[in-house]
Amino acid sequence: MTEEKSLIEYPSLFPIKVMGKSNPEYLPAIIHIAKQFDPTFDESKVEQRPSKDGNYLGITLPITATSREQLDELYRTLSTHPLVSVVL
């Protein structure tokens, strides 16, 4: 079995997009998760985009990615959070 070569050089700033229903608990929960996986996470760099009707909120998290395993686990954690609809 051959080892897959990563298309990402680590460490690297990596944007993760998260979409969920607008809820006062949503953004703090997502930032808390980001900080668990990236101790250097700067929440002042988070971008927010409400949907047209304001029912959903898109968030872009600039994560310092250190490994494929870190990113995979972060995606899994975000995807299974009850306030999250989509992770890209």
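Me: Contact means heavy atoms within 4.5 Å. On that basis, what covers the buried residues of α2?

Reply: The cover includes β1, α1, β3 and β4. Helices (H or I, at least four residues) and strands (E, at least two) are DSSP runs, numbered from the N terminus. Buried means under 20% relative accessible area, exposed over 50%, and partly exposed in between, with a 1.4 Å probe and protein chains only.

Me: And what is the source of the model?

Reply: This is a predicted model, in which local features need pLDDT of at least 70 and side-chain atom pairs count only at pLDDT 80 or more, while totals for chains, interfaces and linings use all residues. Residues are numbered from 1 along each chain as its sequence is written, and side-chain values use heavy atoms, with hydrogens and water left out.

Me: Back to α2. Which residues are buried there?

Reply: Gln70, Leu71, Leu74 and Leu78. They span an arc of only 95° around the axis, so they lie on the same side of α2. The arc is that of the directions from the helix axis to the C-beta atoms.

Me: OK, the sheet. What is the strand order?

Reply: The order is β2-β3-β1-β4, in an open sheet with antiparallel pairing. Two strands pair if DSSP finds at least two bridges between them.

Me: Which strands are at the edges?

Reply: β2 (47-50) and β4. Each has a single partner strand, so one side of each has no neighbour in the sheet.

Me: How many bridges join β2 and β3?

Reply: Four, in the antiparallel sense. Gln48 has Ile59 of β3 as its bridge partner.

Me: Where does α1 pack?

Reply: On the sheet, where α1 touches β1, β2, β3 and β4. The direction of α1 makes about 15° with that of β3. Axes are lines fitted to C-alpha atoms, for helices over the stretch in contact, and angles run from 0 to 180 degrees between N-to-C directions. α2 also packs on the sheet, at about 10° to the direction of β1.

Me: Which residues in the largest nonpolar core touch the most other members?

Reply: Ile16, Val18, Ile30, Ile59, Leu61 and Leu78, out of 22 residues. A nonpolar core is a set of buried Ala, Val, Leu, Ile, Met, Phe, Trp, Tyr and Cys residues joined through side-chain atoms within 4.5 Å. α1 gives the largest share, seven residues.

Me: What does Ile30 contact?

Reply: Leaving aside neighbours within four places in sequence, Ile30 contacts Val18, Ile59, Leu61, Leu78 and Val84.
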